[in-house]
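Biologist: Before we discuss the aromatic residues and the helix packing, could you bring up the model, so that each label can be set against its definition?

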Amino acid sequence: MRIVDLLNEKSILLGAEPTSKTEAIDTLVELQVKGGRIADAEEYRKGILAREALSSTAVGEGIAIPHAKSEAVKAPSLAAMTVPAGVDYEAMDGEPSNLIFMIAAPNDGDVHLEVLSRLMTILMDEDFRARLIAAKSADEFLGIIDDTEKEKFPEEAVKESKPAKEGGYKVLAVTACPTGIAHTYMAAEALEKAGAKLGISIKVETNGSGGAKNILTSEEIAGCDGIIVAADKTVEMSRFDGKKVISTKVSDGIKIPEELIKRIEAGDAPVYRHSGEKADSSSSSNESFGRKLYKHLMNGVSNMLPFTVAGGIFIAMAFLIDTILGAPHDASFGTYTSGAAFFKTIGDYAFNFMIPVLAAYIGKSIADRPGFLVGLVGGALAAAGSTFAAVKGDIPSGFLGALFAGFAGGYLMLGVEKLCDKLPKALNGIKPVLIYPLVGLGLIAVLMCAVNPFMGLINTGLSNLLDSMGNTSKVVLGCVLGAMMSIDMGGPFNKAAYVFGTAAITTGGYDIMAAVMVGGMVPPIAIALSTTFFKNRWTSDERKNGTVNYIMGLSFITEGAIPYAASAPLKVIPACAIGAAVAGGLSMAFGCTLMAPHGGIFVFAVVGNWPMYLVALAAGSVVGMLLLALFKKKIKEA
């Protein structure tokens, strides 16, 4: 989030002469109001004063950065003031402050921390500070910041920032998927192409795995006709308050981008009203409760994945090293040699965070920061089991317990927040730092103490059921999981199968993870093979892009098949699903195992019985290719 995008001429005052810290704060609050992003000046001022009561936000070197998160903030913003003579802002070094930035942040998210970090990075330059204080106009002030940001963050200027379109954009969009790898960027590309085709200017912000790129500015939001939010996880919504917003699945951004843009231009979109509780809690949202639950779950899964993938691959590397060095397959396997022990130890640490992080980010998605603490502790209790004497020796509830802790903790905190609304306003400052954490921690501890034993029994029962399955039953399970990975190619069925596979890893179900991954690799490869050997079933553009699917399939990115499935769903999806089912079933039949929950062909070295795993992949892909040739008719291009 660029600093220059959060400021405007109305929120900058040069050469101010406040006589006290209180006067400086009042002046800056007025500047924030003039900037147009504060709904209630007095409520926001209370937030600033509550933060100052904890400790002064003057950081020394003549700099002060007062900040607050508040329901009164409509969108993230900055106000700035230069005080050439300085004002006593109670800095730790005792020196007066002559350069003050005030941050206003909505209650959802931690945008103030991002802005604080960015400000401190550039304000460490003494020459930069001196030029700001000497600036003669707001335009000059903004220009100095803009130039410095481009110098300090050159990669951002290339990767994140697109030049502002003269006259603004008619339609804005935000795309986001749980993993932030494929759907996010495919939806963005589809929307941009549709906008170009329709002759409608559009800008798309992508919330991918590397963070938000091409961020929408407040000016662009104010000037657009409406916003499309094509996302399967929570995104920052407070900035869209009062605008027409279509909130939908990320897959809709890929499949029906023209329809979405036309709806915005036709005015067929509800006006979004931000409640201040969390990013997607608009009372005017047309999302179903089930859809919201799915987004909360995906928010947890997307944040859990890095721990799962990196930790799983490190553990798999440990077993590979011991295998290569001929270590005995006993209780010390994986830590027998020093190299293996290193990878196993680090992998275990990362893997142990998986369940608490899942619960923490589900809780955060529901109740913002108060839900994070409750979910994290609840997830940790689910992973370790209760330690209370009354239930000593209870079974850890694992993945299922973490899901329960995340959802229950999040909704508990929403209830606590509503109850706390009845408290005197004088206590507003201590609610987020004392009351919410204290009450939430006590509630989740009691809840998990009661629920953990029952969840643990269910978890253990499922594990025992999988262990007791005969070979035929496991082949059927492999077929089902493989097909699920292909039915919606990254949607709810795909994610359900993947989550089941990663959960199975924690209980030693490595064969399940192997079936899941091979099933997800088949659709893109089957389509790539079909575009190579049955060219007359595809358009020239589809043939041209078909080779990319070899790479996506081998990398376990199922979403590469989505554009092809969207063009002929009743033909492509059944063919790919059957091929994926064949691959998943064969993987189970051959006894293949996988301890790394991602990576595609790049982790085949740690696959148990990898030669037959390749056979399963090849067989499923060929079956999918042949069925595509059977189901799809020849195309006659002009």
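Modeller: Rings of Phe, Tyr and Trp, the last by its six-membered ring, count as a pair if their centres lie within 6.5 Å. On that basis Phe-314, Phe-342 and Phe-343 form one aromatic cluster, and a search of the whole structure, which is a predicted model, finds seven aromatic pairs.

Biologist: Why is the pair of Tyr-498 and Phe-556 called tilted?

Modeller: The centres of Tyr-498 and Phe-556 are 6.1 Å apart, with 45 degrees between the planes.

Biologist: What makes the pair of Trp-538 and Tyr-564 edge-to-face?

Modeller: The ring centres of Trp-538 and Tyr-564 are 5.5 Å apart and their planes stand at 80 degrees, so the pair is edge-to-face, the cut-off for that class being over 60 degrees. This pair, too, links distant parts of the chain, with Trp-538 in the loop between helix H18 (510-533) and H19 and Tyr-564 in helix H20, 26 residues apart. Trp-538 and Tyr-564 are both buried.

Biologist: How do you know that Lys-632 lies over the face of Trp-538?

Modeller: Lys-632 is at 4.7 Å from the ring centre of Trp-538, and the definition asks for NZ of Lys within 6 Å of the centre and within 35 degrees of the ring normal. Lys-632 therefore counts as lying over the face of Trp-538.

Biologist: What angle and what axis distance describe the packing of H18 and H19?

Modeller: The axes of H18 and H19 are 7 Å apart and the helices pack at an angle of about 145 degrees, in a crossing that is left-handed. Among the residues making the contact are Met-521, Pro-524 and Ile-525 of H18 and Glu-542, Arg-543 and Gly-546 of H19.

Biologist: How do the residues of the contact of H18 with H19 divide into nonpolar, polar and charged?

Modeller: Nine are nonpolar, five polar and two charged.

How values were computed: Residues are numbered from 1 along each chain as its sequence is written. This is a predicted model: local features need pLDDT of at least 70, side-chain atom pairs count only at pLDDT 80 or more; totals for chains, interfaces and linings use all residues. Side-chain values use heavy atoms; hydrogens and water are left out. Rings of Phe, Tyr and Trp (its six-membered ring) pair if their centres lie within 6.5 Å; planes under 30 degrees apart count as stacked, over 60 as edge-to-face and the rest as tilted. Helices (H or I, at least four residues) and strands (E, at least two) are DSSP runs, numbered from the N terminus. Buried means under 20% relative accessible area, exposed over 50%, partly exposed in between (1.4 Å probe, protein chains only). Axes are lines fitted to C-alpha atoms, for helices over the stretch in contact, and angles run from 0 to 180 degrees between N-to-C directions. A crossing is left-handed if the near helix is turned anticlockwise from the far one by less than a right angle, and right-handed if clockwise. Contact means heavy atoms within 4.5 Å. Ala, Val, Leu, Ile, Met, Phe, Trp, Tyr, Cys and Pro count as nonpolar, Asp, Glu, Lys and Arg as charged, and the others, Gly among them, as polar.
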